Amino acid sequence: MALLTKLIVAVIGLLLAFYFYSGNDAFDPSTLKGKKVIVTGASSGIGEQMAYHLAKMGSHILITARTEDRLKKVVDKCVELGAASAHYIPGSMDNMTFAKQVVHEAEGLFGGLDMLILNHIGFTYFNYFDGNVDHVRDLLEINVLSYATMTVAALPMLKKSGGNVVVVSSFVGKVGAPFTVPYSTTKFALDGFFSSLRMEFKQQNTNVSITLCVISYIDTDSAVNTVAGVIQQPAAPKEECAFEIIKGGALRQREVYYQYQATKIPLLLRDWAPEFLEYIMLKNYDVTKLKPQQ
Ligand SMILES: NC(=O)C1=CN([C@@H]2O[C@H](COP(=O)(O)OP(=O)(O)OC[C@H]3O[C@@H](n4cnc5c(N)ncnc54)[C@H](OP(=O)(O)O)[C@@H]3O)[C@@H](O)[C@H]2O)C=CC1
Ligand SMILES: C[C@H](CCC(=O)O)[C@H]1CC[C@H]2[C@@H]3C(=O)C[C@@H]4C[C@H](O)CC[C@]4(C)[C@H]3CC[C@]12C
């Protein structure tokens, strides 16, 4: 009998945990109509797809990346898809003056900001760590410090609108993985910065949500070209991933896990059975397919 009671309590506990952690799925895309949104790293990949979703939802969009001709094409398509307005500003996020300039551009164009989607990443290699700490420092500038700089610059506008900061991280921002030493370092740093800031916002009743997105392997050209052959798992679709990121931000979720089974489930092992998790992950790699470092 005692065992049965324990079992029932455990099942109820699991059901409650599932209910509270599975997130609120009642997302109405029309809530983004007329909203003012910045998307960084939107000339390709997941960022480009986020711009298209937001355009279909009728948002005002400002996108940025380095490659002007690609940005122009994305903006043209956003207008076709129904964006309330679409603009771009080209530049590199290794320059913090440029990072601030993007936010000020949004202020000039829109007179405010509802959502800041931080998505860009600098180029890195996918191979054994080569010992170059300067590259780690450079990548921290692009992947982390520009995120912090833009958030600080955007906070006055986001406080006024009760808006959202959406941070695109990775599974390897929660768990270490081979061939991603500099990249993984930067994604872990995002968790430290934004998860701590989120708690300070709660203490101070700051009505700005922070959503950290923990993403698995996605079928963007850059990721597939980099890891194809080495990683023995299929890539998830970038269109769906982009939608889930926007949805999580709009619903003010603290974290988004996409794909759920490739991120949240393995993460349950991280603190309780780390060596087992490492064993499963390492079985996923074919090191004979590693490309020489560029
Ligand atoms: N694809 C995947 O498997 C996964 C991706 N993610 C995350 O998703 C996000 C998007 O990744 P994904 O779409 O694959 O990447 P892409 O390589 O397709 O896009 C990266 C974007 O960043 C821009 N960018 C590159 N360097 C700079 C720079 N110095 N300054 C400003 N912008 C720059 C690129 O444009 P340009 O070159 O024109 O500047 C591009 O728009 C990233 O945060 C990544 O960490 C997380 C987990 C898995
Ligand atoms: C293989 C990893 C998942 C491990 C597992 O066992 O599930 C992938 C999870 C996230 C991927 C990386 C990522 O975050 C994006 C990077 C983008 C770069 O431009 C190139 C590739 C990535 C390093 C990519 C590689 C596969 C993952 C590590």
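**Notebook: ligand shells, core and selected residues**

I began with the shell of ligand 2, to which α7 gives the most, with four residues. Helices here are DSSP runs of H or I with at least four residues, strands are runs of E with at least two, and both are numbered from the N terminus. The model is predicted, with pLDDT of at least 70 needed for local features and 80 or more for side-chain atom pairs, while totals for chains, interfaces and linings use all residues. Residues are numbered from 1 along each chain as its sequence is written, and chains are lettered from A and ligands numbered from 1 in the order in which they are written.

**Entry 1: the two ligands**

I looked up which residues come nearest to ligand 2: of the 17 around it, they are Ser-170, Phe-171, Tyr-217, Thr-226 and Met-281. A residue is counted around a ligand if its C-beta atom, placed from the backbone, lies within 6 Å of the molecule. By class, I noted 11 nonpolar, six polar and no charged residues in the shell of ligand 2. In this classification Ala, Val, Leu, Ile, Met, Phe, Trp, Tyr, Cys and Pro are nonpolar, Asp, Glu, Lys and Arg are charged, and the others, Gly among them, are polar.

I then turned to ligand 1, which has 27 residues around it, with Gly-41, Gly-45, Arg-66, Thr-67 and Ala-223 coming nearest. The shell of ligand 1 divides into 11 nonpolar, 13 polar and three charged residues. Both α2 and α7 (221–227) supply at least two residues to the shell of ligand 1, and α2 gives the most, with three.

**Entry 2: α2 against α8**

Two packed helices are described by the angle between their axes and the distance between the axes. For α2 (residues 45–56) and α8 (residues 238–250), I recorded an angle of about 65° and an axis separation of 8 Å. The axes are lines fitted to C-alpha atoms over the stretch in contact, with angles running from 0 to 180 degrees between N-to-C directions. The crossing of α2 past α8 is right-handed, that is, the near helix is turned clockwise from the far one by less than a right angle. From α2 the contact takes Gly-45, Ile-46, Gln-49, Met-50, His-53 and Leu-54; from α8, Lys-238, Glu-239, Cys-241, Ala-242, Phe-243, Ile-245 and Ile-246. Residues are in contact if their C-beta atoms, placed from the backbone, lie within 7 Å. I classed the residues of this contact as eight nonpolar, three polar and two charged.

**Entry 3: the core**

The largest nonpolar core holds 69 residues, and Met-50, Ala-51, Ile-61, Ile-63, Leu-116, Val-167 and Cys-213 have the most contacts inside it. Helix α5 (residues 133–161) gives the most to this core, with nine residues. Such a core is a set of buried Ala, Val, Leu, Ile, Met, Phe, Trp, Tyr and Cys residues joined through C-beta atoms within 7 Å. For Val-167, leaving aside neighbours within four places in sequence, I listed contacts with Leu-118, Tyr-147, Leu-190, Phe-194, Ile-210, Thr-211, Leu-212 and Cys-213.

**Entry 4: burial of single residues**

A residue is buried if 20 or more other C-beta atoms, placed from the backbone, lie within 10 Å of its own, exposed if 12 or fewer, and partly exposed in between.

Ser-209 lies in strand β6 (residues 209–215). Beyond four places in sequence, Ser-209 is in contact with Asn-164 and Arg-252. Lys-159 is 50 residues from Ser-209 in sequence, and their C-alpha atoms are 9.7 Å apart.

Glu-141, in helix α5, has 17 other C-beta atoms within 10 Å and is therefore partly exposed. Not counting residues up to four places away in sequence, Glu-141 touches Asp-94 and Ser-146.

**Entry 5: backbone features**

I found a positive phi, near 70°, at Phe-179, a residue other than glycine. Phe-179 lies in the loop between β5 (164–168) and α6 (181–203) and is buried because it has 21 other C-beta atoms within 10 Å.

Asn-205, likewise not a glycine, has a positive phi of about 55°. Asn-205 sits in the loop between α6 and β6 and is exposed because 6 other C-beta atoms lie within 10 Å.

Lastly, I noted a cis peptide bond between Tyr-258 and Gln-259, with omega about -15°. Gln-259 is in the loop between β7 (255–258) and α9 (260–270).

Key: Two residues are in contact if their C-beta atoms, placed from the backbone, lie within 7 Å.
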